[in-house]
Amino acid sequence: MDKKSLLDDLIKKYTLKHKKSEEIFGKALKYQIRGGSHNLRLFAPFPIYDVQCLGSKVMDADGNMYIDFWQGHFANILGHNPKIVLNALVEYFQEEQGLTTGFPGNYQRELAELILKRIEADKIRFTTSGTLATMYSLMLAKAFTKRELVVKVGGGWHGAQPYALKGISVYDQGINQVESAGLPTGVDSMIVMTRFNDTEDLENKFRTYGERIACLILEPFIGAGGFIFSHKDYLQRARELTRQYGSLLIFDEVISGFRFHPGGVHSLYGIKPDLTAFGKAIGGGMPVSAVAGGDDVMALCSPEARTEEKVKFEGGTFSAHPASMLAGLTYIKYLIEHESEIYPVIGELGAKVRKGIEEIFTSYGFNVKCTGYGNSIAENSSIVGVQFLSEKVDRITSPEQVWNPKICDIELREKIFKLAMLERGFNIFHGYGAISAAHTGSEIQASLDAVEKIAMEWRK
Ligand SMILES: Cc1ncc(COP(=O)(O)O)c(C=O)c1O
């Protein structure tokens with residue numbers, strides 16, 4: 001397979017089919033760096049610009065229709081623009097209530113109560129992005145413990161905030177580089193890297209840095225690191241070690257929260273973190289995120305906290321925006337009330353896709369393995385990653401493998417396969433993406449048929 005000519009050919013076909021998107025992108029380049037505000041959305045040669053999104057589908061500026069597995073950065077568990085949320089918002093706006101007022105509002109109280117009943121925490125405070133939620137979590141942990149070091153998992157993405165911008169990508173030296181300029185001095189030595197799901201490495205890090213560690217932050221289901229669930233014994237050991245050394249355990253559930261069941265996955269594992277960061281799904285399509293935790297830690301963002309330990313987790317003109325709170329409330333209520341119709345169904349579709357893709361590619365002679373597999377604790381995984389393996393590897397188990405071009409063909413996964421699936425009417429991400437309750441069985445089957453055609457072509 002000649003990857004270069006395959007990619008060139010796909011780009012040519014893509015460009016022909018997306019004249020209007022190309023034109024919009026050209027104009028955007030004049031005013032915006034790389035033509036937009038979020039680099040992930042601006043894939044090469046230029047992104048498709050959506051004009052209408054409903055359920056599983058997206059229509060772009062050129063009138064092309066796509067079945068979408070990107071689904072709003074995996075936030076849209078009910079698909080695009082679910083009617084229940086739109087109707088609630090329309091009614092709310094018609095009552096001249098929808099825009100920001102600067103008053104606390106009742107919906108946030110209701111959403112707080114609803115979420116807290118589903119997770120292991122005493123108090124919750126809302127903000128507007130997953131990035132801010134993890135940043136405030138780390139500030140709380142540092143203030144609470146009066147310590148400086150953050151232990152972070154290699155490959156973990158917690159948003160672009162100063163305390164977690166290290167160890168996301170794989171370099172020759174491993175996953176241990178600071179990945180942004182403009183950070184506070186000394187940030188490199190403040191973040192200690194550990195390996196995902198590696199209990200022994202975690203024990204070593206706590207043995208070495210022990211009493212200096214403010215917290216360990218990790219995703220129980222690692223997202224950007226490759227869609228892999230934590231092992232239960234790893235999380236249990238993480239809980240024990242953080243307790244033993246007086247550090248806090250922070251779970252970043254920005255992706256996993258309400259994605260696999262209506263709550264945090266920490267409840268499925270039976271492990272109570274000190275703090276949990278939520279985002280994505282909890283806003284029902286609006287910008288909502290949250291930090292939840294025990295009374296003692298959360299109290300540090302109170303105006304009554306002692307000055308020397310007070311954490312300025314308090315700003316945000318748009319935090320707990322009333323329309324966002326209503327959207328989140330409507331959405332979460334729906335997820336809870338329809339739990340049995342949503343989660344097992346999308347989990348089953350996820351399993352079908354993972355199995356189907358592996359079988360198809362194997363039958364055409366490729367070594368392809370999927371990630372996103374659930375386990376006996378979190379059974380209903382609706383997220384799928386596709387890994388084109390460059391060497392014989394049985395299963396992908398770590399971010400180190402997923403982002404190592406010597407093990408996974410990243411160009412094939414992120415560029416070529418993406419354009420090949422777009423060509424056939426499917427918008428995928430990291431090899432496939434997230435299945436929502438709006439996707440039908442026949443759409444899922446159609447996506448597998450498209451995969452089969454691609455595998456057949458590539459084989460030729
Ligand atoms: C696990 C995780 N944490 C935090 C973030 C940052 O969230 P946001 O993009 O809403 O700032 C993301 C974003 O994808 C994420 O996947």
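Helix α6 (residues 130–145) gives the shell around the ligand its largest share, three residues. Helices and strands here are DSSP runs, numbered from the N terminus: helices are H or I with at least four residues, strands are E with at least two. In total, 15 residues surround the ligand, and the closest are Ser129, Gly130, Thr131, Gly159 and Val254. To count as near, a residue must have its C-beta atom, placed from the backbone, within 6 Å of the molecule. By class, the shell has four nonpolar, nine polar and two charged residues. In this scheme Ala, Val, Leu, Ile, Met, Phe, Trp, Tyr, Cys and Pro are nonpolar, Asp, Glu, Lys and Arg are charged, and the others, Gly among them, are polar.

Before going on, keep in mind that this is a predicted model: local features need pLDDT of at least 70, side-chain atom pairs count only at pLDDT 80 or more, and totals for chains, interfaces and linings use all residues. Residues are numbered from 1 along each chain as its sequence is written.

Now look at two pairs of helices. Helix α1 (residues 3–17) and helix α15 (residues 410–423) have axes that come within 10 Å and cross at roughly 40°. Axes are lines fitted to C-alpha atoms, for helices over the stretch in contact, and angles run from 0 to 180 degrees between N-to-C directions. Because of that angle, α1 is oblique to α15. Under 35 degrees counts as roughly parallel, over 145 as roughly antiparallel, 65 to 115 as roughly perpendicular, and the rest as oblique. On the α1 side, the contact is made by Lys3, Leu6, Leu7, Leu10, Ile11, Lys13 and Tyr14, while α15 brings residues including Leu412, Ile416 and Leu419. Two residues are in contact if their C-beta atoms, placed from the backbone, lie within 7 Å. The contact of α1 with α15 divides into ten nonpolar, no polar and five charged residues.

The second pair is helix α8 (residues 199–209) with helix α9 (residues 232–244), which pack at about 10° with their axes 10 Å apart. These two helices are therefore roughly parallel to each other. Thr199, Leu202, Glu203 and Phe206 in α8 meet Asp233, Tyr234, Arg237, Ala238 and Leu241 in α9. That contact has five nonpolar, one polar and three charged residues.

Next come the sheets. Strands of a sheet pair through backbone hydrogen bonds, either parallel or antiparallel. Strands count as paired if DSSP finds at least two bridges between them. Four bridges link β13 to strand β14 (residues 383–388) in the antiparallel sense, and Thr371 has Gly385 in β14 as its bridge partner.

Another open sheet has four strands, ordered β1-β2-β3-β15, and its pairing is mixed. Its edge strands are β1 (50–54) and β15 (426–427). Strand β3 (residues 65–68) and β15 run parallel, joined by two bridges, and Asp68 has Asn427 in β15 as its bridge partner.

Finally, where do we find Pro45? Pro45 sits in the loop between α2 (19–31) and β1. The peptide bond from Ala44 to Pro45 is cis, with omega near 5°. Arg34 also lies in the loop between α2 and β1, and its phi is near 55°, a positive value in a residue other than glycine.
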